[in-house]
Amino acid sequence: MKRIAAILAAVLALTLIGGCGSSNVPVKITNDLGAWNIEEIYIDPSDSPWGENRISSILEPGEDVTIRVPGGTYDIRLVDE
């Protein structure tokens with residue numbers, strides 16, 4: 001159930017990013033997976049291959065990170081442990 005919540009949060013973020021034109025947009029990702037760590041976060045334009053991991057350290061449960069990206073249409077991939 002928590003993984004579904006993380007996926008829904010990513011879809012919401014994609015919707016918000018897509019409607020913002022060319023300005024930089026903050027994307028806040030909160031780890032609400034209970035006992036699972038998020039080890040990697042990828043946010044890349046939908047028409048591009050996956051780029052580099054956007055976080056330098058593990059995102060533990062309850063922690064959050066904000067990543068700024070230019071407006072556009074993106075895919076988001078979260079990798080848990």
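Modeller: This is a predicted model. Take N37: leaving aside residues up to four places away in sequence, N37 touches N31, I58, L59, E60, P61, V79, D80 and E81.

Biologist: Where does N37 lie?

Modeller: N37 sits in the loop between β1 and β2.

Biologist: Is N37 buried or exposed?

Modeller: Buried means under 20% relative accessible area. N37 has a relative accessible area of 19%, so N37 is buried.

Biologist: What share of the chain's residues is buried?

Modeller: Of the 81 residues in the chain, 27% are buried. The accessible surface of the chain comes to about 5,200 Å², and carbon and sulfur atoms account for 54% of that surface.

Biologist: In what order do the elements run?

Modeller: The chain has 1 helix and 4 strands. Read from the N terminus, the order is α-β-β-β-β.

Biologist: Which residues make up the largest nonpolar core?

Modeller: That core has 12 residues: V27, I29, L33, I38, I41, I43, I55, L59, I67, V69, Y74 and I76. Two or more residues come from each of β1 (24-30), β2 (38-45), β3 (64-70) and β4 (74-80). β2 gives the largest share, 3 residues. One member of the core, L59, is also among the residues that N37 touches.

Terms used
Residues numbered from 1 in each chain as written. Predicted model: local features only at pLDDT ≥ 70, side-chain atom pairs only at ≥ 80, totals over all residues. Heavy atoms only, no water. Buried < 20%, exposed > 50% of the residue type's maximum accessible area, 1.4 Å probe, protein only. Areas by Shrake-Rupley, 256 points an atom, 1.4 Å probe, with all protein chains shown as cover. Core = buried A, V, L, I, M, F, W, Y, C linked by side-chain atoms within 4.5 Å. Contact = heavy atoms within 4.5 Å.
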